[in-house]
Amino acid sequence: MRGLQRMWGSEKNANVPQTCGNVGIDSRSRRSGTLAVMRALSVVSASVLLLGPLPILAQCANDCSRNGVCTSLGVCECQAGFTGGDCSVRICPSGPAFSDVAETTDTAHQSAVCSNRGTCDEETGDCLCAAGFSGIACERSKCKNDCSGRGTCVSMRHLAESTRNHESQQFSYNLWDADKIFGCTCDLGYTGYDCSLRECPRGDDPLTTTYTDQEMQLLRCTADDSSGGHINLLFDGMPSSSIPVDATVTHLKAALETIPVIQEVHVTYAEGSVLCRNDGSDNIVQITFASNFGPLPPLVAESYGMEPASVVEIAADDSYGMLTDHNGIDWYHVKGNKENDECSNRGLCDQGTGTCQCFDTNDDTYAGSDGYGGPGDRGDCGHALTAPITTCPGDTPCSGRGACDPTTRRCTCADGFTGGDCSLRTCETGLAWFGYPSSDDAAHDEEVECSAMGTCTRTTGECRCNEGFFGAACEFWGCAGNDSENLCSGHGTCLSMRELALRHEDTDGSPLPITFGSDPNSAATWDADRVHGCLCDEGFSSFDCSRRTCPVGVDPSTSDPDLHVCSNKGTCDYETGRCKCFAGWGSSDGSGSLGPNNDCGHRLKLRGYP
């Protein structure tokens with residue numbers, strides 16, 4: 001036919017003026033054009049007789065939506081980011097699944113669309129994340145209220161890399177949740193899993209006079225004080241300012257007091273006026289914590305730019321608590337034993353304001369102290385205004401929920417109660433969802449109140465859990481979805497990772513249970529009984545079982561034995577679970593013939609098609 005078109009065009013251009021209708025065409029021109037067409041038809045007819053029928057070119061549905069290339073088989077090869085039989089479906093981002101069915105023993109959290117915590121919008125390619133999740137692939141948890149504007153929301157990995165634990169140790173964390181579980185690191189003075197609570201002053205109980213030792217740690221630096229270099233001292237994971245090797249007492253004291261949690265220290269040198277020596281004499285440095293009470297974590301030294309033979313030693317605990325000087329004299333550290341109680345155990349903390357409400361019951365009254373029992377401005381209730389103190393705090397001593405020590409007038413509360421007067425309730429504890437690793441690639445192993453994912457209601461002793469978490473201690477992460485009262489949209493079962501693994505099936509759909517959490521002490525499967533996900537009923541899919549599945553079949557245009565949704569010849573309506581077939585395709589019997597499967601796998605006999 002293309003040959004015919006070329007001839008027709010040639011004759012037309014040569015003999016027919018470019019005007020409308022027959023205006024301007026004489027009889028001779030009409031006869032000449034007619035003869036030319038007859039000759040052309042004769043040529044085409046002869047060609048058809050010699051070559052046989054012309055092939056019909058394959059056509060792809062919707063011209064591959066202009067997002068792909070149509071092959072000779074009539075199958076679309078889609079561009080990156082698109083899929084479906086007509087390349088009309090956008091692909092959404094994927095990430096390690098928060099919950100899924102384990103692939104092999106103790107191996108789970110495989111890559112999943114929207115990380116199994118969101119629904120893919122196939123028109124835009126965007127993930128619509130469940131409440132409590134964010135990211136382009138819903139790949140990370142949210143921090144509640146963005147840490148109330150009083151902290152920073154960080155991942156487990158970032159927490160490990162950027163901070164240290166209370167002993168100033170640093171560990172790495174690279175397990176499946178390293179970049180997925182986020183939590184709050186609160187600003188100084190704030191606390192709670194969402195940083196919504198204020199911390200109150202802490203101090204020494206003024207009536208327990210047998211515990212009076214202040215923490216004193218020892219330091220020895222052996223180095224040439226003229227060679228340059230400096231050290232940093234870390235306390236409770238926080239670094240001091242730079243300390244040169246020739247630092248004086250005043251310089252060292254000032255550097256230590258730059259650490260935000262240190263209020264005041266006293267520093268003395270045993271020998272000389274500079275910190276480091278290498279002349280055969282030892283300068284044993286005594287560092288006494290004047291305002292930080294109780295047993296304290298050790299100072300940790302890090303040296304920079306010092307000569308290789310330099311040594312910095314610290315004696316601060318029982319494992320390394322003594323230094324022997326050049327004269328053979330042993331120097332011992334002192335472990336602090338003064339209480340470091342909230343409101344000195346003589347008041348209750350108002351966590352909304354961060355102020356102590358000092359007790360004033362039974363004519364016994366307390367106020368802020370100087371840290372040593374006298375009056376002061378610490379706001380810690382550590383000063384007894386009345387003397388003698390006659391009984392324990394509480395309108396009824398210890399609120400009738402504890403035993404009163406007749407000597408110290410200190411309450412020992414019954415199980416389930418706390419506070420200086422035993423008037424507050426404790427909450428259940430569980431393993432922390434967010435916190436610093438205890439060693440490399442080991443976390444979620446510290447017992448804390450409400451599992452660090454809820455707030456304790458002190459009047460009832462119940463945890464108010466963050467959205468998505470449940471259990472008496474908020475120790476379980478539930479199945480995500482829009483309806484907390486109708487888990488898995490009413491079309492599935494909410495199971496733990498361990499339970500999901502037991503529902504594993506082989507490629508034929510036969511049960512093949514897998515073990516997840518085989519070693520209860522393994523840090524790698526800490527989530528076996530804590531993280532939950534939906535196992536959808538037959539006919540339903542998505543992370544929350546909210547979508548219906550559509551029939552599947554082989555693509556009749558190829559020899560590929562794999563099954564495709566709607567046989568790659570239609571799109572799935574997730575609300576009804578029915579295929580919307582492309583033009584020319586309909587329901588098959590599973591083998592390409594007409595049938596009831598609603599899978600778009602049958603080529604319809606339409607006029608104009610072979």
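**Close-up views of a predicted model**

The secondary structure of this protein, taken from a predicted model, comes to five helices and 52 strands.

**Figure 1. Overview of the predicted model, with its 610 residues.** Of the 610 residues in the protein, 40% are buried. Among the contacts with a separation of 6 or more, 53% are accounted for by residues 24 or more positions apart. The protein exposes about 31700 Å², and carbon and sulfur atoms supply 50% of that area.

**Figure 2. A nonpolar patch on the surface, formed by Val-552, Val-554, Leu-563 and Val-565.** Together, the four side chains named in the title have about 330 Å² of accessible area. The elements that give two or more residues to this nonpolar patch are strand β47, which spans 552-554, and strand β48, which spans 563-565. Val-554, one of the patch residues, lies in strand β47. Val-554 has a relative accessibility of 35% and therefore counts as partly exposed, since that class lies between the buried limit of under 20% and the exposed limit of over 50%.

**Figure 3. The cis peptide bond between Ala-387 and Pro-388.** The bond that joins Ala-387 to Pro-388 is cis, with an omega of about -5°. Pro-388 has its place in the loop between β32, which covers residues 383-384, and β33, which covers residues 402-404.

**Figure 4. Cys-138, a residue with a positive phi in the loop between β9 and β10.** Although Cys-138 is not a glycine, its phi is positive, at about 55°. The loop that holds Cys-138 runs between β9 (133-134) and β10 (140-141). Cys-138 has a relative accessible area of 0% and is therefore buried, as the buried class takes in values under 20%.

**Figure 5. Asn-362, a residue other than glycine with a positive phi.** The phi of Asn-362 is near 55°, and the residue is placed in the loop between β30 (360-361) and β31 (364-367). With a relative accessible area of 33%, Asn-362 is partly exposed, whereas Cys-138, which also has a positive phi, is buried.

Notes:
Residues are numbered from 1 along each chain as its sequence is written. This is a predicted model: local features need pLDDT of at least 70, side-chain atom pairs count only at pLDDT 80 or more; totals for chains, interfaces and linings use all residues. Side-chain values use heavy atoms; hydrogens and water are left out. Patches are made of residues with over 30% relative accessible area and no salt bridge: like charges are joined within 9 Å, nonpolar side chains (Val, Leu, Ile, Met, Phe, Trp, Tyr) within 5 Å. Accessible areas come from the Shrake-Rupley method with a 1.4 Å probe; for residues, only the protein chains shown count as cover. Helices (H or I, at least four residues) and strands (E, at least two) are DSSP runs, numbered from the N terminus. Buried means under 20% relative accessible area, exposed over 50%, partly exposed in between (1.4 Å probe, protein chains only). Contact means heavy atoms within 4.5 Å.
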